[in-house]
Amino acid sequence: MACPPVSWFLLVCWCCCGVESRRNVLLIIADDAGFETEVYNNTVVRTPHLRALAQRSVVFQNAFASVSSCSPSRSTILTGLPQHQNGMYGLHQGVHHYDSFDQVRSLPLLLKQANIRTGIVGKKHVGPGPVYPFDFAYTEENSSVLQVGRNITRIKLLVRKFLAEQKEQPFFLYVAFHDPHRCGHSQPQYGAFCEKFGNGESGMGRIPDWKPEYYTPDQVKVPYFVPDTPTSRADIAAQYTTVSRLDQGVGLVLQELRDAGFENETLVIYSSDNGIPFPNGRTNLYGSGVAEPMLVSSPEHRQRWGQSSQAYISLLDITPTILDWFSVPYPAYSLSRRSPVQLTGRSLLPALSSEPSWDTAFSSQSLHEATMYYPMRSVHRGRYRLLHNLHYRMPFPIDQDLYVSPTFQDLLNRTQARQPTGWFKTLREYYYRERWELFDTLSDPAEERNLAPDPAYGPVLEGLKELLLKWQWLTEDPWVCEPDAVLEAKLEPECRPLYNEL
C-alpha cells in the first residue's frame, strides 16, 4: 500500500537525512583489579558477566595504566593528562591531600559544559571538587565507600535512580567499584579483601544481590610476580571472592542499563586503575604494575565484537575516546603560561572498526602515599620496556595496606628467617634498583634480566631514552631534568647540570 505523500516525505527524511540517536557513556572502573577473570583466560574465577560483556566488546590485550596508584590513575582517566601534568602526584584523601591543579579541564567538567548529564557512583578519590564536578554523585565524600563501592545492591539501586531521572540530554555515568581493593589495613574485620563484607555471616551484614563464590588456595593461579606460598595462595583465594562480587555487580549495572532502554545507545568501557596489590604489582611501573584489563563495547561498532586487539593503549586514552564519542572538542588552554595543553592519548574509536598499529605506551609515577616518594618514568614500545628510576639510590617504598597483607608479611618473615620465599626475586633486589632498567618483554615477560648495561642494546636504550624525554617535555613534566640537573622554568625551560656524579 502506497504511503501518503506527507508520510512518505517524513520517512525519506528520517531514513536519509537521519535522526541522530542519543549517545551515552557508561564507564566502569574496578579498584586494583587485574586479569583474574574468564575474559583473560583465568579458568578458576567465575566471572560470567564480564565474559558476556567481552562478547560485545573489543578486548584489549595490551592496555596500560599511565601510573600505578589509585588517585593519580583516576585523575589521568578523568583528565587525559599524566599525573605529573594534572598535579595529582599522590593519593587524594586524608593526610596525603593531593589535588589536581585548579585550572585543569577534566572530562566531567567538559561534558557538563556541553550539556551532557554526569554521574558518579562509588569511589571518586580525586579533587578538588570544582575540577571534578558531577551532577549526580554518591561517593566516599557523602556516603560509606563500602556501601557505594562494594554493596552491589546499593550500587544497582543508585544506577537505577540515575537512569530513572534521565531526561532527553545524553549522559556520562561513571561507576567506580571499590572491589577488589584490599581492606586489611582499614576494615580488617571483613578479611584481607573485604571478602566477608555482606556475606550473611554473623556481624558481616548481607548484600541481597550477592551470591558469594568461594575458592580454595589449591585452586588459584599464582601470577608469576607473586610468591607461591600457602599464605599467598590463601590471600589470592580471598581476592577471587571479591572479584566474583565485582563481576556480579557489573552484571547488575548492565542489567539496569538494559532495563532502562539505553543499552543500544551507550558506549561501555571497563577497566581498572592500576595493578593488583601484591609485591611487584601496584605502585610499580613494571608490566605487573601497569598492565590492565580493558573492554570497550560500542553499539555502533559491532563488526569487532568478541575480537581481541593487540594494540598498545593507555588509560590516558579514555578521556579522548569519550570526548570523541560525544563530538566534544578539547579546549585550548594552558597550565604553565607557555604552550597549550595537549592530550597525548588518542581516541579508541578507530580501533573498534579495524586493528591499528599502535605500539607505544608511557607511564609516570611520583608518589603513592605522601611518604612514598620514588619518582619513575617509563616507555614501552614494541617488545622493549624502559624504566627510569630517578631516585634509584633510595629503597623502593612499601604502602600500608600491602605491608600488613598476609602475602607481604609472609615474605618479610621468610626473608628474615632465611627460608625459601617462593618469589622470583629477593627483597633486596626489589628495594634497590638500577637507575635504568630495560627489558625485552617478548623473550623475558617476567622482566628479570636488565639489558640496560649490555652494550649490544645501546641503540635500543638510547632510542627509548630519547622517546621518553620527548614525552616528558611535551607533557611539561617537572621531573624532566632529574636526578642530575635542575629544571630552570622560564620562557624557554632548560636543564641546568648539578655535577652530582649521577
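# Loops, helices and cores: a chat

Biologist: Hi! Where is the place of Pro128?

Modeller: Pro128 sits in the loop between β3 (117-122) and β4 (136-139). One thing to keep in mind from the start: this is a predicted model.

Biologist: Thanks. What kind of peptide bond joins Gly127 and Pro128?

Modeller: A cis one, with omega at about 5 degrees. For background, most peptide bonds are trans.

Biologist: And which form does the bond from Glu482 to Pro483 take, cis or trans?

Modeller: That bond is cis too, and its omega is near 10 degrees. Pro483 belongs to the loop between α14 (458-474) and β13 (485-488).

Biologist: What about phi for Glu476?

Modeller: Glu476 has a positive phi, near 55 degrees, and is a residue other than glycine. Most residues other than glycine have a negative phi. Glu476 is in the loop between α14 and β13, the loop that also holds Pro483.

Biologist: Is Glu476 buried or exposed?

Modeller: Glu476 has a relative accessible area of 16%, so this residue is buried; the cut-off for buried is under 20%.

Biologist: Next, where is Ser327 found?

Modeller: Ser327 is in the loop between α10 and β9 (360-365), and this residue follows α10. Ser327 is not a glycine, yet its phi is positive, at about 55 degrees.

Biologist: Why does Ser327 count as exposed?

Modeller: Because its relative accessibility is 61%, and exposed means over 50%.

Biologist: How many residues of α10 are buried?

Modeller: 8 of its 9 residues, which leaves the helix mostly covered. Among the buried ones are Ile318, Pro320, Ile322, Leu323, Trp325 and Phe326, and Thr319 and Thr321 are on that list as well.

Biologist: Let's talk cores. How many residues does the largest nonpolar core have?

Modeller: There are 50 residues in the largest nonpolar core. Those with the most contacts inside it are Phe60, Leu111, Phe172, Tyr174, Met294, Ile322 and Phe326. Helix α10 (residues 318-326) gives the most to this core, with 5 residues. Apart from this core lies another one of 41 residues, including Ala33, Leu50, Tyr190 and Cys194. In soluble globular proteins, nonpolar side chains tend to be buried together.

Biologist: Which residues is Phe60 in contact with?

Modeller: Leaving out neighbours within four places in sequence, Phe60 contacts Tyr40, Met294, Val296, Ser309, Ala311, Ile313, Ala351 and Leu352.

Biologist: And Phe172, buried or exposed?

Modeller: Buried, because Phe172 has 0% relative accessibility. Phe172 is part of strand β5 (residues 171-176).

Biologist: Changing topic: how do the axes of α7 and α8 cross?

Modeller: Helix α7 (residues 152-164) and helix α8 (residues 230-259) have axes that come within 9 Å and cross at roughly 20 degrees. That angle is why α7 is roughly parallel to α8, as the parallel range is under 35 degrees. The crossing is right-handed.

Biologist: Which residues meet there?

Modeller: From α7 come Ile152, Ile155, Lys156, Val159, Arg160 and Leu163. They meet Arg245, Gln248, Gly249, Leu252, Val253, Glu256 and Leu257 in α8. By class, the contact has 7 nonpolar, 2 polar and 4 charged residues.

Biologist: Which residues does Glu256 touch?

Modeller: Not counting residues up to four places away in sequence, Glu256 touches Lys156, Val159, Arg160 and Leu163. Glu256 is in helix α8 and is buried, with a relative accessible area of 7%. From Glu256 to Ser354 is 30 Å, C-alpha to C-alpha, and these residues are 98 apart in sequence.

Biologist: Last one: at what angle do α8 and α12 pack?

Modeller: At about 170 degrees, and the axes of α8 and helix α12 (residues 406-416) are 8 Å apart. So α8 is roughly antiparallel to α12. Pro230, Thr231, Ser232 and Asp235 of α8 make the contact with Pro406, Thr407, Asp410 and Arg414 of α12. By class, that contact has 2 nonpolar, 3 polar and 3 charged residues.

Conventions
Residues are numbered from 1 along each chain as its sequence is written. This is a predicted model: local features need pLDDT of at least 70, side-chain atom pairs count only at pLDDT 80 or more; totals for chains, interfaces and linings use all residues. Side-chain values use heavy atoms; hydrogens and water are left out. Axes are lines fitted to C-alpha atoms, for helices over the stretch in contact, and angles run from 0 to 180 degrees between N-to-C directions. Helices (H or I, at least four residues) and strands (E, at least two) are DSSP runs, numbered from the N terminus. Angles under 35 degrees count as roughly parallel, over 145 as roughly antiparallel, 65 to 115 as roughly perpendicular and the rest as oblique. A crossing is left-handed if the near helix is turned anticlockwise from the far one by less than a right angle, and right-handed if clockwise. Contact means heavy atoms within 4.5 Å. Ala, Val, Leu, Ile, Met, Phe, Trp, Tyr, Cys and Pro count as nonpolar, Asp, Glu, Lys and Arg as charged, and the others, Gly among them, as polar. A nonpolar core is a set of buried Ala, Val, Leu, Ile, Met, Phe, Trp, Tyr and Cys residues joined through side-chain atoms within 4.5 Å. Buried means under 20% relative accessible area, exposed over 50%, partly exposed in between (1.4 Å probe, protein chains only).
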